[in-house]
Amino acid sequence: MLANAITKFLICNLQFFIYIGKLFSLIIKFVAKFMLMIEQIEEYLAQVDQFNSSNNEEIEQFRIQFNGKKGILNDLFAQFKNVPNEQKKEFGQKINTLKAAVANKLQNLKAATTSQIVSVKEDLTKPGFPLTLGSRHPISLVKNRITEIFKSIGFAVADGPEIEDDWHNFSALNLPEYHPARDMQDTFFIEKNPDVLLRTHTSSVQIRYLENNEPPIRILSPGRVFRNEAISARSHCIFHQIEGLYIDENVSFADLKQTIQYFTTELFGKSKIRMRPSYFPFTEPSAEVDVYWGLNSETDYRITKGTGWLEIMGCGMVDPAVLQNVNIDADKYSGYAFGMGIERIVMLLYQMNDIRMFFDNDVRMLEQFKTS
Ligand code: PHE
């Protein structure tokens with residue numbers, strides 16, 4: 001009875017079951033086909049990625065294969081309408097990725113081949129584009145010039161630290177504690193007791209060099225020095241000096257004068273100098289050197305204050321006490337020292353009227369020192 005009923009039911013609904021079955025197989029086919037197409041696009045993507053050529057014909061073939069009228073992309077877009085709605089989004093995105101990859105590849109390959117063509121066509125004998133070079137700072141230019149002049153008569157360059165102790169900046173230079181001449185150099189102290197300071201002159205390098213070397217000594221030490229001075233057009237708290245030192249047997253004041261005269265002739269083209277008595281604790285006798293600049297123009301009047309003379313450095317015979325401080329036999333050896341400010345000399349040579357310009361470093365000023 002029951003079996004009968006079931007058979008009847010099945011027979012009656014057979015048509016229906018067949019439909020259901022067909023529907024299922026159709027869906028499975030669709031999905032399978034769609035999966036295959038996605039895989040296919042992945043393969044195309046890999047193909048595009050791997051493609052490389054510098055041959056124009058090959059690149060054109062590649063373009064036609066993908067972008068041509070009957071090309072792969074058009075074919076894929078044509079199949080779009082057959083894709084089940086739920087999968088349309090994923091399928092669409094995949095095709096667009098492929099399309100972008102093809103366009104990107106074509107663009108890169110074309111750029112590479114055209115640049116190749118340009119480089120072959122380029123005239124290799126054409127002069128290059130000019131490079132814009134920087135320029136040396138006027139302080140460096142003059143420092144180098146002065147160094148060269150003294151190098152040519154046997155002076156070597158010696159260096160020392162900008163942060164000094166009391167001994168090298170003052171005491172060893174015959175400036176003991178409480179010596180009034182210390183006040184002449186407004187010192188920047190970093191630490192007190194024991195004193196650590198910014199060197200106020202390059203004379204400290206004399207001591208450092210004398211401590212470690214035996215005469216004969218002939219050195220030049222350019223460098224930065226620091227003094228607590230109000231900044232104005234004529235003075236700055238940072239400036240540069242060049243120190244000279246010569247120690248040997250039988251060095252006399254005549255040697256000093258001769259050397260300085262040689263120097264002023266080389267640097268300024270002016271050989272008339274005079275030495276005025278002066279005082280430095282580390283030299284005895286001491287002198288200031290003036291160069292006769294002349295009174296040929298209004299500027300000469302202005303910069304020499306109407307005298308024609310310009311002060312350019314301090315100098316003297318090294319005090320025997322200084323030699324004793326560094327254990328050099330003052331009976332056997334003597335010598336001279338001199339020191340000059342570089343900024344003043346640069347201002348003279350280049351007719352600059354404000355020392356602050358050296359530290360502002362405005363490129364409009366610096367560019368004027370370019371060498372061609
Ligand atoms: N150190 C001195 C100064 O700064 C210059 C100088 C150097 C004088 C060497 C004599 C000898 O004023």
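**The shell around the ligand**

Author: The residues around the ligand are His-201, Ser-203, Glu-243, Phe-280, Thr-283, Gly-314, Cys-315, Gly-316, Ala-337, Phe-338 and Gly-339, where a residue is taken as near a molecule if its C-beta atom, placed from the backbone, lies within 6 Å of it. The model is a predicted one, in which local features need a pLDDT of at least 70 and side-chain atom pairs count only at pLDDT 80 or more, while totals for chains, interfaces and linings use all residues. Residues are numbered from 1 along each chain as its sequence is written.

Sorted by class, this shell holds four nonpolar, six polar and one charged residues; here Ala, Val, Leu, Ile, Met, Phe, Trp, Tyr, Cys and Pro count as nonpolar, Asp, Glu, Lys and Arg as charged, and the others, Gly among them, as polar. At least two residues of the shell come from β9 (309-318), and at least two from β10 (333-341). These belong to a protein with 13 helices and 10 strands, which are DSSP runs numbered from the N terminus (H or I over at least four residues for helices, E over at least two for strands).

The loop between α11 (342-350) and α12 (357-360) is the place of Asn-353. Asn-353 counts as exposed because it has 11 C-beta neighbours inside 10 Å; a residue is exposed with 12 or fewer other C-beta atoms within 10 Å of its own, buried with 20 or more, and partly exposed in between, with C-beta atoms placed from the backbone. Leaving aside residues up to four places away in sequence, Asn-353 touches Ala-233 and Met-347, contact meaning that the C-beta atoms, placed from the backbone, lie within 7 Å. Asn-353 and Ile-303 are 50 residues apart along the chain, with 9.7 Å between their C-alpha atoms.

Turning to the whole chain, the domain assignment, which comes from an automatic or database source, gives domain 1 (2-121) and domain 2 (138-369). The centres of domain 1 and domain 2, taken over C-alpha atoms, are separated by 85 Å. The C-alpha atoms of the protein fill a box of roughly 145 × 60 × 40 Å along the principal axes, and 24% of the 372 residues count as buried.

Helix α4 (residues 85-121) contains Gln-87, which is partly exposed, since 15 other C-beta atoms lie within 10 Å. From C-alpha to C-alpha, Gln-87 is 9.6 Å from Met-35, although the two are 52 residues apart in sequence.

Note on methods. Two residues are in contact if their C-beta atoms, placed from the backbone, lie within 7 Å.
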